[in-house]
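The sequence and the coordinates come first, and the text follows.

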Amino acid sequence: MTEETAYVLILPSIHYVLKVEKEAKARSIPIELIPTPRQISTDCGMAVELRGDHREPLLRMLLEKDIPAEALFRRSEKEFEEVPFK
Amino acid sequence: MIYLDNAATTFPKPDAVWEAVISCGREKCGNPGRSGHRLAAAAARELFAAREAVAGFFHIADSSRLIFTANATSALNTALYGLLKEGDHVVTSSLEHNSVMRPLHALRQRLGIEFTAVSCSPRGELDPADVQKALRPETRLVVLTHASNVCGAILPVREAKALLPEIPLLVDAAQTAGVLPIDVQELGIDLLAFSGHKGLFGPMGTGGLYTAPGLQLAPLLQGGTGSRSERLEQPAFLPDLLEAGTPNLPGLSGLRAGVEFLAQQGIATIRDHEMRLTRLLLDGLAGHDRIRIHGPADPERQTAVISVTLDGRDPGEIARTLDREFSIACRASLHCAPLAHQTLGTYPQGTVRLSMSVFNTEEEIQEAVRALRAIAEGNL
């Protein structure tokens, strides 16, 4: 895995997107909120984007804070591939 | 004007509340959670910040378990209709507001639920042991007002819960949110319904409901949430499960400013001030042979809400004289709580209710005492 690998995390609703933003900030995990790419979801308008090297601490945070996540996608160029959380 | 109708809605509000409403309306009022553009994101952040602030105020660990409603009535209906099923039994008190009694009555007619309204004393005291005695095997819920909207009496919700740890407790905090400290964990509250526009100093059209982990309510309303849009079923997760439709975002921005004002002032400081005003009013009216005070008549055991009657005078007429002759705003009659008046012995004529907030001054209370004594003397 290279540092350039990007992931997109889909959450059930905007409440949880902002919960992730708040908790990630508290742990100094850099993430970005993006409009959800149409290819991967037609639903919650926003998603969380992160770099590959921040995947592990972010997933750990989701577990510790009991934040329900819907799906995780790996992005390469313009392709999205759903990947397991572990 | 001397405003002593704060139990109906607080007035004035802190300036910061109205500034927050305007700033939200001018700069952040997209539809939260419905779109990905920057204005929608700003709106979603505003809603999230309000939810976190209010949840923190009540010591709610997971803010997703706090849903916003239009008022305390809507929160109470959401809890009662969402939880109760045919054959369930509910224990409540004889001091409840119609926002509890009317849904319970309707549910009795529609679903065949049953309820027991435990009698409080004529001074508004509830013995928690009487709540325990009213339990049945099919009791699903205990509903208690945290304080009477008629006489201010504070009910022993913590003590009642301690006797009945296994039965969910719904607390109607319309009169106490922002007035008494409320920690849902410490008081053992499973469901907390509150109004935004009273002690929390938010605008009208705001309120909320907390549900403890492990309690799942059926939604009263179904509709758009911005989530799981492809499905016909309402999403099963909170807050979306119980928050269909676009929320009152400017109002909730104001509510957050109200809660921030309370945190800044400190609930203990506010309570001290209101207790001092309550003592002043009680002492000023005591000892007059035609003035009767209903309820605890003890600042320690009540909120800053006092019900009085004057022998031989109609409460509506007294309130009108206070308004016209003294510019004192208060409320007369039954205060949407007929059962409470039966308990206090003031049914059907009702009482004159004087209710204070942190913005009232000792001079205003002294003026109210002078006015009521003058009316009692028959000088007006």
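Strands E12(B) and E13(B) run antiparallel and are joined by 3 bridges. Two strands pair if DSSP finds at least two bridges between them. Ser333(B) has Thr351(B), in E13(B), as its bridge partner. Helices (H or I, at least four residues) and strands (E, at least two) are DSSP runs, numbered from the N terminus.

The model is predicted: local features need pLDDT of at least 70 and side-chain atom pairs count only at pLDDT 80 or more, while totals for chains, interfaces and linings use all residues. Residues are numbered from 1 along each chain as its sequence is written, and chains are lettered from A and ligands numbered from 1 in the order in which they are written.

**The sheet and its helices**

E12(B) and E13(B) belong to an open sheet of 4 strands in chain B, with the order E9-E10-E13-E12 and antiparallel pairing. Strand E9 (291–294) and E12 of chain B stand at the edges with a single partner strand each, so one side of each has no neighbour in the sheet. From one strand to the next, the twist averages 30°. Axes here are lines fitted to C-alpha atoms, for helices over the stretch in contact, and angles run from 0 to 180 degrees between N-to-C directions.

Helix H9 (residues 267–285) of chain B lies across E9, E10 and E13 of chain B and runs at about 15° to E10(B). Helix H12 (residues 362–376) of chain B also packs on the sheet, touching E9, E10 and E13 of chain B, and its direction makes about 20° with that of E10(B). Two residues are in contact if their C-beta atoms, placed from the backbone, lie within 7 Å.

Ile306(B) is placed in strand E10 (residues 305–310) of chain B. Is Ile306(B) buried or exposed? Ile306(B) is buried, because 30 other C-beta atoms lie within 10 Å. A residue is buried if 20 or more other C-beta atoms lie within 10 Å of its own, exposed if 12 or fewer, and partly exposed in between, with C-beta atoms placed from the backbone. Apart from residues up to four places away in sequence, Ile306(B) touches Gly152(B), Thr278(B), Leu281(B), Leu282(B), Ile293(B) and Leu354(B). Ile306(B) and Ala153(B) are 153 residues apart in sequence, yet 9.2 Å apart in space from C-alpha to C-alpha.

**Backbone features of chain B**

| Site | Feature | Loop in chain B |
|---|---|---|
| Leu238(B)–Pro239(B) | cis peptide bond, omega about 0° | Pro239(B): between strand E8 (207–211) and helix H8 (249–265) |
| Tyr347(B)–Pro348(B) | cis peptide bond, omega about 5° | Pro348(B): between helix H11 (338–344) and strand E13 (351–355) |
| His59(B) | positive phi of about 60° | between helix H2 (38–57) and strand E2 (66–69) |

His59(B) is partly exposed, with 15 other C-beta atoms within 10 Å. Cys336(B) also counts as partly exposed, with 17 C-beta neighbours inside 10 Å.

**Helix H1 of chain A**

H1(A) has 13 residues and reaches 18 Å from its first C-alpha to its last, close to the 18 Å expected at 1.5 Å a residue. The expected span is 1.5 Å times one less than the number of residues. Among the buried residues of H1(A) are Ile14(A), Tyr16(A), Val17(A), Lys19(A) and Ala24(A). Their cover includes E2, strand E3 (46–51) and helix H2 (55–64) of chain A, together with H2 of chain B. Just after H1(A), Ser28(A) takes a positive phi of about 55°.

**Between the chains**

How many residues does the contact take from each chain? The contact takes 14 residues from chain A and 21 residues from chain B. Helix H1 (14–26) and strand E2 (32–35) of chain A each supply at least two residues of the side of chain A that touches chain B. H1(A) gives the largest share of that side, 3 residues.

The largest nonpolar core has 131 residues, and those touching the most other members are Leu9(A), Val17(A), Phe58(B), Ala79(B), Leu192(B) and Ala193(B). H2(B) supplies the largest share of this core, 10 residues. A nonpolar core is a set of buried Ala, Val, Leu, Ile, Met, Phe, Trp, Tyr and Cys residues joined through C-beta atoms within 7 Å. Beyond its neighbours within four places in sequence, Ala193(B) is in contact with residues including Ala72(B), Ala79(B), Leu170(B), Asp172(B) and Leu209(B).
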